[in-house]
Amino acid sequence: MKKYHLTQRIIHWLMAVFILFLLVLGFVMTNFPLENKYFYYNLHKSFGVILLFLIILRVMLRLKFKAPKLPFKVRKLEKKLKQMTFLSLYLLMFLVPLSGWLMSNSHGYGVKLFQLKMPNLMAKNEFIANISSYTHQYLAYIIAFIVLFHIIAAFKHVFYDGKNIIKRIW
């Protein structure tokens, strides 16, 4: 069975860990005591910036190293679902961190990659702050749903179809 290039596999799993970490942290950090919020918001922003850079690298690698063909025949509906899922994931892996960056800047807060100050994408703007806040929140729910769908589909192929396609990315 052909595998993805080693760099693609490493970035895939690294991004998977980051996305899950960011989703959990993003959903719970608003409930943290005020004295801890600053640390966790900055941690969330730092990993979001890393994720944004990783998706750009991932797209460049995907263009350089094509995905290996599936080792079995899939129905048209499954092929369309696979294409829509991957397109949605790639788009959301870019839009979720970008909307978070815009949200932070438009609320008047900076974004740091740990201690490195990142450039502001825009000045404080209440209208954009409201839009980007809702956008960031709802896109996070959508990416969580699509990631769950992606995981279920992989397990479906392994346990129902008897095709261990996880070997391609492991």
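Read along the sequence, this chain follows the pattern α-α-α-β-β-α, and its secondary structure comes to 4 helices and 2 strands. Here helices (H or I, at least four residues) and strands (E, at least two) are DSSP runs, numbered from the N terminus. The model is predicted, so local features need pLDDT of at least 70 and side-chain atom pairs count only at pLDDT 80 or more, while totals for chains, interfaces and linings use all residues. Residues are numbered from 1 along each chain as its sequence is written, and side-chain values use heavy atoms, with hydrogens and water left out.

**The chain as a whole**

- The C-alpha trace spans about 50 × 30 × 30 Å along its principal axes.
- Of the 170 residues, 35% count as buried; buried means under 20% relative accessible area, exposed means over 50%, and partly exposed lies in between (1.4 Å probe, protein chains only).
- Among contacts between residues at least 6 apart in sequence, 71% join residues at least 24 apart; a contact means heavy atoms within 4.5 Å.

**Helix 1 and its cover**

- Helix 1 has 23 residues and reaches 33 Å from its first C-alpha to its last, close to the 33 Å expected at 1.5 Å a residue. The expected span is 1.5 Å times one less than the number of residues in the helix.
- Which residues of helix 1 are buried? They are Gln 8, Arg 9, Ile 11, His 12, Met 15, Phe 18, Ile 19, Leu 22, Leu 23 and Leu 25.
- What covers the buried residues of helix 1 includes helix 2, helix 3 and helix 4.
- Arg 9 lies in helix 1 and counts as buried because its relative accessibility is 17%. Leaving aside neighbours within four places in sequence, Arg 9 is in contact with Lys 3, Tyr 4, Arg 168, Ile 169 and Trp 170.

**The nonpolar core**

- In soluble globular proteins, nonpolar side chains tend to be buried together.
- A nonpolar core is a set of buried Ala, Val, Leu, Ile, Met, Phe, Trp, Tyr and Cys residues joined through side-chain atoms within 4.5 Å.
- The largest such core has 30 residues, and Met 15, Met 93 and Ile 143 touch the most other members. The elements that give two or more residues to this core are helix 1 (6-28), helix 2 (34-64), helix 3 and helix 4 (126-160). Helix 2 supplies the largest share, 8 residues.
- Not counting residues up to four places away in sequence, Met 15 touches Leu 51, Leu 54, Ile 55, Arg 58 and Met 93.

- Helix 3 (residues 76-106) has 31 residues and reaches 43 Å from its first C-alpha to its last, close to the 45 Å expected at 1.5 Å a residue.
- Where does helix 3 bend? The bend is at Leu 92 and is about 25°; it is the angle between axes fitted to the seven residues ending there and the seven starting there.
- Helix 2 and helix 3 pack at an angle of about 145°, with their axes 9 Å apart. These axes are lines fitted to C-alpha atoms, for helices over the stretch in contact, and angles run from 0 to 180 degrees between N-to-C directions.
- Among the residues of helix 2 that meet helix 3 are Gly 48, Leu 52, Ile 55 and Val 59; on the helix 3 side, the residues include Tyr 90, Met 93, Pro 97 and Trp 101.
- Lys 80 is found in helix 3 and counts as exposed because its relative accessible area is 53%. The C-alpha atoms of Lys 80 and Leu 121, 41 residues apart along the chain, are separated by 35 Å.

**After helix 3**

- Helix 3 is followed by Gly 108, whose phi is positive, near 95°.
- Phe 114 sits in the loop between strand 1 (112-113) and strand 2 (116-117). Its phi is also positive, about 60°, although Phe 114 is not a glycine.
- Most residues other than glycine have a negative phi.
- Is Phe 114 buried or partly exposed? Phe 114 counts as partly exposed because its relative accessibility is 41%.
- Ser 133 has its place in helix 4 and counts as buried because its relative accessibility is 19%. Leaving aside neighbours within four places in sequence, Ser 133 is in contact with Met 103 and His 107.
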